[in-house]
Every structure is written in structure tokens, then in C-alpha cells.
Amino acid sequence: MKRLWVLLFAVVLSATLAVGCARAHKTALNNARTSLDQAKAMGVEKTAPYEYYTAESYLRIAEHEATEEGDYKGAKEFAEKSQKASAEAMKAGGGAK
Amino acid sequence: MRNRNLLLLSLLILAVAFAAGCAKRGMTKSEMDRADEIAAKIAKAEKMGIVKCNPLELAIAKTTLDHAIHEGKESYRGQVEEKKAYFDAAEKAADDLLALVGPCLEKMAPPPKAVPEQIAPPPPAPMPVAPAPVTFENIHFDFDKAFIRNDAKPTLQSVADYMKKNPDAKLQIEGHCDERGTSEYNIALGQRRADSAMNYLTNLGVAGDRVSTITYGEEKPADPGHNEAAWAKNRRGVFVLR
């Protein structure tokens with residue numbers, strides 16, 4: 001009976017971790033998308049094109065990692081890079097109104 | 001019996017775990033070398049100012065290489081083909097980028113030499129297609145004649161070609177004469193010469209309303225001399241773009 005409880009605990013823990021990981025990459029992807037939309041709305045595609053296209057390309061890679069490869073860690077990593085590039089684009093080309 | 005099955009199951013799990021643990025992840029030496037080569041290509045293009053002309057291609061090359069390195073590190077060493085595909089894509093992006101450097105350099109004005117960190121000036125605006133300050137050779141006429149000589153035809157052809165290529169251009173043809181004969185006669189002769197050149201051009205396809213004529217008779221000699229050599233120069237048609 002004690003053994004069963006240990007097993008159950010292990011299953012619950014694993015499931016929690018798995019769900020947590022999946023949510024982490026989804027949150028990162030959503031944040032990256034929001035930042036890129038924000039950058040686009042500011043018109044930085046014209047004023048800071050390199051940073052903007054970097055953000056766009058990283059986001060595409062992140063989505064590929066999540067959907068095609070099932071590499072959630074990679075997806076999170078690239079989504080974070082995308083968000084960072086969007087922030088740099090907005091900083092560099094922020095003069096555009 | 002039950003204990004035996006449990007033992008077998010445990011051994012199987014251990015074997016799988018051991019195999020998974022032993023399978024090495026990460027980049028091989030040749031993959032690392034390849035990544036360095038691709039990075040060097042991108043750095044070269046970047047150093048030559050590609051970011052100003054082709055920011056999209058630069059971003060794609062850099063992020064594709066980053067992706068390939070990620071796959072190289074995260075995949076198992078046995079997944080050679082999968083990793084190769086990512087590095088091939090990165091190399092292609094870097095090669096495409098390098099190919100754009102030449103046209104980019106042509107577009108950009110040379111940066112000032114004294115200040116290495118200074119941002120290069122923006123590429124010059126394309127020149128308008130309006131007629132450039134083009135000049136044409138004069139054509140020459142025989143004494144007291146207004147017909148187009150054979151040696152004048154190539155010049156007239158080049159004038160016609162220019163006019164066709166520049167539909168907004170307007171042309172004035174000046175007719176000139178040497179000093180012999182009366183002023184009134186030479187005014188008329190100069191006009192015939194200008195008209196003769198204009199007719200030739202219209203026959204070559206230049207619209208008549210784009211060409212005007214004027215005669216100066218003997219009033220504007222090209223050569224002030226009073227000999228046959230000077231007169232030959234003065235019996236001429238001059239093309240002026242307006």
C-alpha cells in the first residue's frame with residue numbers, strides 16, 4: 001500500500017513537471033508574438049529592420065521547434081531570443097510614431 | 001516466477017536508461033568547424049556593411065546558423081543527416097548573403113577613411129532619368145548644299161537613338177553657313193540645312209513636334225578663319241538638347 005502511494009506521487013510529480021514545461025514554452029511564445037506585434041505597430045520594420053527581422057526569424061524557429069520538433073526547451077529559448085530582438089528593435093527604432 | 005519477471009523488467013529498464021545515457025549529444029569536431037566557417041562568412045558580409053542593404057537576409061543567415069548550432073548541440077551524434085540539413089540551410093543563407101555584398105557595395109557611397117567607426121552615408125538616391133547633359137557631334141554640309149552627307153548619318157542615327165530612349169527630351173537643330181554669299185541667302189541656306197537634318201531625324205522615327213530648327217546663317221562661325229578649312233567647319237548643323 002505504501003508502495004502504491006509512492007508510485008502515485010511520482011506520477012503526479014511527473015505530470016506536474018510536464019505541464020509546467022509545456023506552459024513555460026507557450027508563455028514564452030505568446031510573449032514573443034506580442035512583442036513582435038508591438039514592434040510592428042511602432043513601424044520599426046522600417047526604422048530598425050535588422051532587429052525586427054531577427055525577432056521575426058527567431059519566432060518562426062521557436063514555432064518550428066514547438067510544433068515540428070516537439071523541443072519545448074528549444075522553443076522557449078528561441079521565443080525568448082525573439083522577444084529580446086523585438087525589444088532591441090523598439091529601442092533602436094522607437095523614434096517612429 | 002513473479003520475482004523473476006520483476007528482475008527481467010528491472011534489467012530492461014536499466015539497459016534502456018544506460019543506452020540513452022550513453023548516447024552522446026552535441027556537435028562533432030567537423031560540425032563545429034563548419035559552424036565556424038559559416039559564422040566567418042556572415043561576419044565578413046556584416047563587416048562590409050550588408051546590414052544597410054540587406055537586413056532581412058542578414059537576420060535570416062544569423063538566426064539560421066543559431067538554429068543549426070542548437071540542433072547540433074541538442075541532437076544525438078548519430079542523427080547526422082538531420083543535423084546536416086540544418087547546417088546546409090545555414091550555409092546556403094550565408095552564401096546568399098555574401099553574394100549580395102557586391103551589389104550592396106556598389107549602392108553605397110564609400111565611407112570616410114579617417115573615421116572608422118563613423119556610420120557610412122546612406123546610399124545615393126538614384127539619378128533621375130531626365131536627359132543628361134549630352135552633346136552630339138556637329139554634322140557638316142557641302143558648299144551651298146543642304147543634303148545630308150554620308151559622314152553625317154551615324155551622328156544623326158545616334159541623335160535619333162537618344163531621342164527615342166529619352167521621350168521627354170527636346171531638340172533644337174541650328175543651321176549654319178560659311179561667310180560666302182549674302183547674309184539673307186545664308187539665313188535661308190542655314191534654315192534648309194536645319195530642316196534637312198530634322199527631316200532625316202523624323203524619317204528615323206523621331207516625332208517632329210520634339211524637334212525645332214533655327215538658322216544663324218553666317219552669324220556664328222565655329223572657326224573665324226577665311227579659308228576653305230574654316231568654311232568647311234562653319235557649314236554645319238548643331239544639335240542642342242533643350
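**Figure 1. B:K233 in helix α9 of chain B.** In this predicted model, B:K233 is placed in helix α9 (residues 228-234) of chain B. Helices (H or I, at least four residues) and strands (E, at least two) are DSSP runs, numbered from the N terminus. At a relative accessibility of 45%, B:K233 counts as partly exposed; buried means under 20% relative accessible area, exposed over 50%, and partly exposed in between (1.4 Å probe, protein chains only). B:K233 and B:I139 are separated by 94 residues in sequence, and their C-alpha atoms are 9.1 Å apart in space.

**Figure 2. The open sheet of chain B.** Four strands form an open sheet in the order β1-β4-β2-β3 (chain B), and their pairing is mixed. Its edge strands are β1 (139-140) and β3 (211-217) of chain B, each of which pairs on one side only. Two strands count as paired if DSSP finds at least two bridges between them. Strand β1(B) runs antiparallel to strand β4 (residues 236-241) of chain B, and two bridges join them. B:I139 has B:G237 in β4(B) as its bridge partner. Between β2(B) and β3(B) the pairing is parallel and extends over six bridges. The bridge partner of B:H176 in β3(B) is B:G217.

**Figure 3. Strand β2 of chain B and its two faces.** Is strand β2 (residues 171-176) of chain B enclosed or exposed? Six of its six residues are buried, so β2(B) is largely enclosed by the rest of the structure. In a regular strand, side chains alternate between the two faces of the sheet. On one side of β2(B) lie B:L171, B:I173 and B:G175, and on the other B:Q172, B:E174 and B:H176; all are buried, and both faces are covered.

**Figure 4. Salt bridges around B:K41.** A salt bridge is defined here as a side-chain nitrogen of Lys or Arg within 4 Å of a carboxyl oxygen of Asp or Glu. By this rule, the count over all chains comes to 20 salt bridges. One of them joins B:E91 to B:K41, with the closest N and O atoms 3.2 Å apart. B:E91 lies in helix α5 (residues 80-99) of chain B and B:K41 in helix α2 (residues 29-47) of chain B, so this pair ties together parts that are 50 residues apart in sequence. B:K41 also forms a salt bridge with B:D95, where the closest N and O atoms are 2.7 Å apart. This second pair links distant parts of the chain, with B:D95 in helix α5 of chain B and B:K41 in helix α2 of chain B, 54 residues apart. B:E91 is buried, at a relative accessible area of 19%, whereas B:K41 is partly exposed at 21% and B:D95 is partly exposed at 34%. A network of salt bridges links B:R34, B:K41, B:K84, B:D88, B:E91 and B:D95.

Figure 5. B:L6, B:L9, B:L12 and B:I13 make a nonpolar surface patch of about 400 Å². Patches consist of residues with over 30% relative accessible area and no salt bridge; like charges are joined within 9 Å, and nonpolar side chains (Val, Leu, Ile, Met, Phe, Trp, Tyr) within 5 Å. Accessible areas come from the Shrake-Rupley method with a 1.4 Å probe, and for residues only the protein chains shown count as cover. B:L9 belongs to helix α1 (residues 2-22) of chain B and, at 47% relative accessibility, counts as partly exposed. In chain B, confidence is lowest in α1(B), with a mean of 64, and highest in β1(B), at 95. This confidence is the pLDDT, the predictor's score for each residue from 0 to 100.

**Figure 6. Helix α3 of chain A.** Helix α3 (residues 49-69) of chain A has 21 residues, which at 1.5 Å a residue should span 30 Å; its end C-alpha atoms are 28 Å apart, which agrees. The expected span of a helix is 1.5 Å times one less than its number of residues. Among the buried residues of α3(A) are A:Y50, A:Y53, A:L59, A:I61 and A:E65. Just after α3(A), A:G70 adopts a positive phi of about 65 degrees.

**Notes to all figures.** Residues are numbered from 1 along each chain as its sequence is written, and chains are lettered from A and ligands numbered from 1 in the order in which they are written. In this predicted model, local features need pLDDT of at least 70 and side-chain atom pairs count only at pLDDT 80 or more, while totals for chains, interfaces and linings use all residues; side-chain values use heavy atoms, with hydrogens and water left out.
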